Amino acid sequence: MAMNYHRYRPFAPIGLKDRTWCDKVITEAPIWCSVDLRDGNQALVPPMNLDQKINFFKHLVKIGFKEIEIGFPAASDTEFAFCRALIEQNLIPDDVTIQVLTQSREHIIRRTFEALEGCPNPSIVHLYNSTSTLQRDVVFGKSKEEIKELAVFGANLLEDLANEYGREKFRFEYSPESFTGTEVDYACEVCNAVLDVWKPTPDRKVIINLPSTVEMATPNIYADQIEYCCRNLKYRDNVIVSLHAHNDRGEGIAATELGLMAGADRVEGTLFGNGERTGNCDIMVVALNMFTQGVDPKLDFSNITDSIDIYEKSTGMRIDPRHPYVGDLVYTAFSGSHQDAIKKGMKRLEEHPDRWEVPYLPIDPADVGRNYDPIIRINSQSGKGGVSYILEHNYGLSVPKSMQQAFSLIITGESDRQNRELNFKEIFDLFFTTYDVRTPLSLKYYYESGSGNTVTIRSDLLINGEFATIEGSGNGVIDAFCDSIKKKFGVSFEIVTYSQHSLDYGNKSRAITYIEVHNCRKETYYGIGISVNTAKSSFRAILSALNQFIKIKNYQS
């Protein structure tokens, strides 16, 4: 059964000729304005209380926001009280501008100016009225001319009240709400009528905010709308074109980025995209997207956990584990091929730490205050690269490649058997359980003698718990030790690969040895051994590999 798509009509493109935004690149950060405390707050089931709003405001200031929309003071006593608290408690830094929202209605505008009285810094009064075809028809039942008159009425009242309270104390912003559903030429007509009232100058610029109040089309159409307005707004040099994208189609971030390319100067949005319905443009994502392109975002998200904490405590919302840059799983790879590529990228990073170039990780987690622990996690889909990365990164074990492959099969099999992810300690413990095998043979002591090209090794072993001494000769200590094993137990084997490294630093550091052994049937076995004595760690590794296939018969002590 097909969905009822016939009820919906495609959004008509505006047919902008000679568009230029598609060839532009974002090279600098816009003016940022947080609307967390207004648009974000009004979308919460229980809105923030006064203390929560004050703490959130302080955090936004700490991040670096210079413009913060604090609310709709005429909407409720709580909103009014918050505005007054910021002013009366002297909580607004000298370089921060607060912004308040008002409808184009006289009593609301007057109440808004009352809320701002005594503000130490010039405040932005944000005037709006809806201009879309749907709102004009369904909600207001007004003509285009009547809607424009409403906007002009509000603009004139703002001008009059600003002069009454002190014109230098106020900046103005106007939004044709539901801009994306408004005929773009008519939206410009309304905005220009407002601008003719305010007459912006270089010293007193006006913000024209063009909101995607409801996202109705693809981001390229929003970009065309923005570029059209940038071309057709009067006083353009003295107008700050602002974006306010919602996320109804899941494209608010893309629409914002294309809108900036189309000529906008300013972005309104929220941390983590909180807001009405599907939310606002996520300012954090847009800022960090710029950061990954080598652009200074002018906002500090170097300790993103602080933002997560205050957001979740204040809003009661939770960050999705796949949320860009901040989700619990966004720096995590389970896939074997991804893990291997990340491991190699982290290794290459040692050669040029000044450049972040790691496959599958567009940003260094450390740059936003995250750690490397969750980068690779192990389940049944993981591979040798991920397993070896965990052993090396967390425990300092540089496992040889062939051994990595063998152990990864053991790990994925165990994860599959338990039907869950394995944690780091479980992986580490299973590595030693598998390859540090100490029965039936274990080494207690050894003695080295000989001269020239011949070395003799005499070893004291425990064989099934009983002492025995064995002896052999060869051209080196390992050859001599293997000779003693072969003579004593009549076993045939050869060492195929051998590697060793220090586990610690200093004169008393321990060595770990990795051994790959083939028996007479060319079957492969691996062993490890650890000791402060490098030869002893090698002998233990050999015995560990042998213990996995050797059959101990009767022997004489």
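**Cores and ring pairs**

Student: Is Y446 buried or exposed?

Tutor: This is a predicted model, where local features need pLDDT of at least 70, side-chain atom pairs count only at pLDDT 80 or more, and totals for chains, interfaces and linings use all residues. Residues are numbered from 1 along each chain as its sequence is written, and side-chain values use heavy atoms, leaving out hydrogens and water. Buried means under 20% relative accessible area, exposed over 50% and partly exposed in between (1.4 Å probe, protein chains only). With a relative accessible area of 19%, Y446 counts as buried.

Student: Thanks! How many residues does the largest nonpolar core have?

Tutor: A nonpolar core is a set of buried Ala, Val, Leu, Ile, Met, Phe, Trp, Tyr and Cys residues joined through side-chain atoms within 4.5 Å. In soluble globular proteins, nonpolar side chains tend to be buried together. Here, W32, F57, W198 and I226 have the most contacts inside the largest core, and its residues number 103.

Student: Which helix gives the largest share of this core?

Tutor: Helices are DSSP runs (H or I, at least four residues), as are strands (E, at least two), all numbered from the N terminus. The largest share is 10 residues, and it comes from residues 184-198, helix α7.

Student: What kind of aromatic pair do F113 and Y165 form?

Tutor: Rings of Phe, Tyr and Trp (its six-membered ring) pair if their centres lie within 6.5 Å; planes under 30 degrees apart are stacked, over 60 edge-to-face, and the rest tilted. The whole structure has 15 aromatic pairs. For F113 and Y165, the centres are 5.7 Å apart with 35° between the planes, making the pair tilted.

Student: Why does that pair tie together separate parts, and how many residues apart are they in sequence?

Tutor: F113 belongs to helix α4 (residues 106-116) and Y165 to helix α6 (residues 144-165). The pair therefore joins parts whose separation in sequence, in residues, is 52.

Student: What kind of pair do Y446 and F539 form?

Tutor: F539 has a relative accessible area of 0%, so F539 is buried. The ring centres are 5.1 Å apart and the planes lie at 85°, so the pair of Y446 and F539 is edge-to-face.
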